[in-house]
Structure formats: C-alpha cells, structure tokens
Amino acid sequence: MTVLAGCCLIAPGRRPAADILRSDYVRGLERYHGVTYYWGGESPKGIDCSGLIRRGLIDSTFIRGVTSFNPGLIRYAIRLWWNDCSADDLGNQYLQLTTHVLDTPNLNRLDPSRILPGDLAVTAGGGHIMAYLGSNIWIEAESWR
C-alpha cells in the first residue's frame with residue numbers, strides 16, 4: 001500500500017478542466033455551510049474564514065485527484081494543506097494561490113457578471129475573506145453566529 005501511495009505522489013499529473021474544478025470547489029465550500037465559527041479552525045467541528053476557503057479547496061482538489069486518478073491534484077491539495085495562510089495572505093496572492101481580479105468599494109454594488117462562482121472577496125485590510133457561490137450568494141465563516 002505504501003508503494004502504491006508513493007507511486008501516486010510521484011507520477012505525473014494532468015491539467016484538469018477549470019470549470020470542473022470550480023464546480024467541485026463551490027460544492028466543497030457548501031459542505032461547510034453552518035459550521036460553527038472557531039478562530040483558527042479548519043474542520044467540520046469549527047472553521048474560520050480562511051479555513052473555510054482552504055478546506056473547500058483542499059477537499060475538492062484532493063477528492064477530484066483521487067476520483068480521477070490525478071496525482072497532480074493530490075499533490076496540490078497537500079501543498080495547500082501544508083502552506084497555511086490567512087485571509088490577508090490569500091488577498092495578497094500568497095504562493096500564487098490566488099489571482100487579483102478586481103477591486104470594489106462594496107460587494108452590494110459589484111456587478112455579478114464580472115465574477116464567477118468560487119471567486120473570493122477579501123476585505124480591505126485583509127481581515128476577512130468570503131467566496132462567491134453564484135446567484136448573488138456568498139459563503140463565509142462568521143464569528144458573530
């Protein structure tokens with residue numbers, strides 16, 4: 001079993017379709033809807049805002065990697081897990097995990113045609129992050145619940 005896992009981790013990966021990964025990611029985020037806020041948390045028992053974003057992405061890339069036999073995605077999920085980061089880090093494109101798309105002074109005035117499900121919003125100052133699910137719906141870990 002160890003040899004099989006080792007071979008899987010060193011075998012070449014394939015570039016997956018972006019729309020499939022985006023859809024998997026949104027579903028991964030939705031799994032954490034309603035989870036209790038816990039500062040520094042990154043599990044179904046408690047999660048914070050950057051933990052929500054990271055877990056959604058880690059879970060979705062790992063599951064897609066396993067189900068599609070794509071070792072590159074499994075390695076990417078492990079890299080995400082290993083390199084913990086904050087909302088501010090994600091907003092500042094830490095390790096090129098994110099890409100800046102646009103600035104807006106207020107999400108309520110944002111034209112939804114300019115973003116896609118799975119896109120992120122980081123507050124000014126980097127203290128909070130949330131993800132767009134589509135249809136003007138955002139998901140976030142909220143400390144006031």
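Reader: How much space lies in the largest pocket?
Author: This is a predicted model, where local features need pLDDT of at least 70 and side-chain atom pairs pLDDT 80 or more, while totals for chains, interfaces and linings use all residues. Residues are numbered from 1 along each chain as its sequence is written, and side-chain values use heavy atoms, without hydrogens and water. A pocket is an open set of points on a 1 Å grid over the protein atoms alone, where a 1.4 Å probe fits, with protein on both sides within 12 Å along at least five of seven lines. Its volume, the space filled by probe spheres set on points joined across faces, edges and corners, is about 1500 Å³.

Reader: Which element gives the largest share of the lining of the largest pocket?
Author: Lining residues have an atom within 4 Å of a point. There are 48, with Thr98, Thr99, Gly118, Asp119 and Leu120 nearest the centre. The largest share, five residues, comes from α3.

Reader: Which residue takes a positive phi just after α3?
Author: At the start of α3, a side-chain oxygen of aspartate 48 reaches to within 3.5 Å of the backbone nitrogen of serine 50. Just after α3, a positive phi of about 50° belongs to phenylalanine 69.

Reader: Is threonine 98 buried or exposed?
Author: Threonine 98 sits in the loop between α5 and β3. Its side chain reaches the backbone oxygen of leucine 90 at 2.4 Å. Buried means under 20% relative accessible area, exposed over 50%, partly exposed in between (1.4 Å probe, protein chains only). At 14%, threonine 98 is therefore buried.

Reader: Which backbone nitrogen does the side chain of aspartate 89 reach?
Author: Aspartate 89 lies in helix α5. With a relative accessible area of 27%, aspartate 89 is partly exposed. At 3.0 Å, its side chain reaches the backbone nitrogen of serine 86.

Terms used. Polar contact = N/O pair within 3.5 Å; in protein donor to acceptor, adjacent residues only side chain to side chain. Helix = DSSP H or I, 4+ residues; strand = E, 2+ residues; numbered from the N terminus.
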